[in-house]
Amino acid sequence: MEDVGIFICTAKNAAGYVTMKSTLSVVTRPVIEEFKNVTSQTKANAILTCRATGDPAPDIKFHKIGNRNPFEISPHHDARIFVNHKKEEGVTTATLKITDVTRNDDGLYRCVAYNNRARSESLGHLTVEFPPTFLNTPMREAWSWDSRPVNLSCVAEAIPNATITWFIEGPTESSWWNYTGMVDQFPNMKQSGSKSFSSLEIHPTKRVEPKSYRGYKCVATNKLGLAEHRIQLREARKPGPMLEAIINEKTATSIAYKLIGPVEDGGLPIKAFVAQLRKNGATWETSEIKSWPVNRQIFVINNLESTETYYVRFAAENEVGLGDWALEKKETLPKKSAPDAPIITNEVHGVAITAYPDRFELIWKIPSDNGEEIFRYEITYTPVRNVTIRIGIHVKNEWEPVGRKLMDRADVKPAGSHRHVLRKLSPDTFYLAEVRAQNKVGLSSPGKLVFKTANMPGDAWRPLRSPVKSSSAIVTTSHITYSISISISLLLSLFRCSFS
């Protein structure tokens, strides 16, 4: 620094001399002399002080690690935070004041000192002390049965760390028992850990089991206060009886039920519904048991014998075990028959549509086979038009064939639904499609669908919201076209006759 000052340069010759003055300034790198860790408490104030030297005196900014923007001297978006600077003879002192401190203010802070040539930085930590809290302890109840050991646990967040003690609640509530003094009196209980995380292991043996099912209190304390968290230990039981088993479908080889579970789940979630099935004359002890997860909507018993009589009963199951059997039913299966009618599932509002003028894809669900395996589907499709029929004062609309019936066949595929594309169709035409399933017994009743082909490829023909009215308008046009065609044919015939 002794080199700082004014220097004079003199140049002379025989004619005279000239002088020039120049100032030498020495810039020094900022040095942070002080930025200490700070401890505060929630709802109190915290002041972080950063002192730096340099020439020229540096400017200072504060950053919180994890936040992109620094804290500004101007009013901050957080009204609790204030920044102040003071420069004096090459020394800058800056303070970051946080009022009404919260737990979110805890963390690392960076002090950055800089001038026009260099910068330096240092880290300091703000520790926010707070009383214990059990916000991250989700356990509110626990379950045990048949003398199974169970762990009750609690997590106490606190700075400084909390000390955890367990208390037992019950008939002696007027005189709380500190568990640490109960080892001899309650040998079936054992506490593990006392700082931040603690667990209480309970063995509800037959001798003390009734006394074990009660409330337990986890208490955490530090110099700022205490917090309590209660956990109820309950005795789990088997589920109650099933409410209802409603037949959804009965075929020659299967029965499908809709099951309604019990009112009483025993304290633990129902994990399965169970059915037991026996033939007429057999005993329950040797009979088959079938289980399903409870999230199923329909519960099916397969591989049964046609015309046979069965007895079925139901129960619910949880972790404790199988509830009592209930709803015993007698079921006699029908003889084998033709399949049920396929259900065509194409999206439809009265009439299904296709964007193609020459083809249409039919989609249907595989129907019940009624005891004999389906080996083929028979598909027919017929050009139709919609006609209005009046019977007295009543009016109804029907689809009337206007061409010959055509037939396709589709082999069975191992899938949950079937598809088949009808090809070589006429454009701008209504068709009635029928799908029948076939097994060894015979053909099913048809699943039916009316669809319309497009006038040209990609024709965005809208679905009919009101099929009767809309199709009537279309039929009128069809009648006009049909009449014109007949008239032209008659004229041509007369012309040929006259020419002859």
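A salt bridge is a side-chain nitrogen of Lys or Arg within 4 Å of a carboxyl oxygen of Asp or Glu. The views below come from a predicted model.

**Figure 1. Aspartate 59 and lysine 87 form a salt bridge.** The closest N and O atoms of this pair are 2.6 Å apart, which is within the 4 Å cut-off. The two residues belong to distant parts of the chain, 28 residues apart. Aspartate 59 lies in strand β6 (residues 59-64), and lysine 87 lies in strand β7 (residues 81-88). Aspartate 59 has a relative accessibility of 31% and therefore counts as partly exposed. Lysine 87, at 46%, also counts as partly exposed. The structure holds 24 salt bridges. Side chains of opposite charge can pair when their charged atoms come close.

Figure 2. With a relative accessibility of 42%, arginine 237 counts as partly exposed. Glutamate 264 counts as partly exposed at 38%.

**Figure 3. Strands β20, β21 and β24 form an open sheet.** The three strands are arranged in the order β20-β21-β24, with antiparallel pairing. Strands β20 (244-250) and β24 (299-301) stand at the edges; each has a single partner strand, so one side of each is left without a neighbour in the sheet. On average, neighbouring strands of this sheet are turned by 30° against each other, direction ignored.

**Figure 4. Strand β21 pairs with β24.** Strand β21 covers residues 255-260, and its antiparallel pairing with β24 runs over three bridges. Alanine 256 has valine 300 in β24 as its bridge partner.

**Figure 5. Lysine 396 forms a salt bridge with glutamate 398.** The closest N and O atoms are 3.1 Å apart. Lysine 396 counts as partly exposed, with a relative accessibility of 40%. For glutamate 398 the relative accessibility is 33%, and this residue too counts as partly exposed.

**Figure 6. Asp78, Arg80 and Asp105 belong to one network.** The three residues are joined by salt bridges that share partners.

Conventions:
Residues are numbered from 1 along each chain as its sequence is written. This is a predicted model: local features need pLDDT of at least 70, side-chain atom pairs count only at pLDDT 80 or more; totals for chains, interfaces and linings use all residues. Side-chain values use heavy atoms; hydrogens and water are left out. Two strands pair if DSSP finds at least two bridges between them. Helices (H or I, at least four residues) and strands (E, at least two) are DSSP runs, numbered from the N terminus. Axes are lines fitted to C-alpha atoms, for helices over the stretch in contact, and angles run from 0 to 180 degrees between N-to-C directions. Buried means under 20% relative accessible area, exposed over 50%, partly exposed in between (1.4 Å probe, protein chains only).
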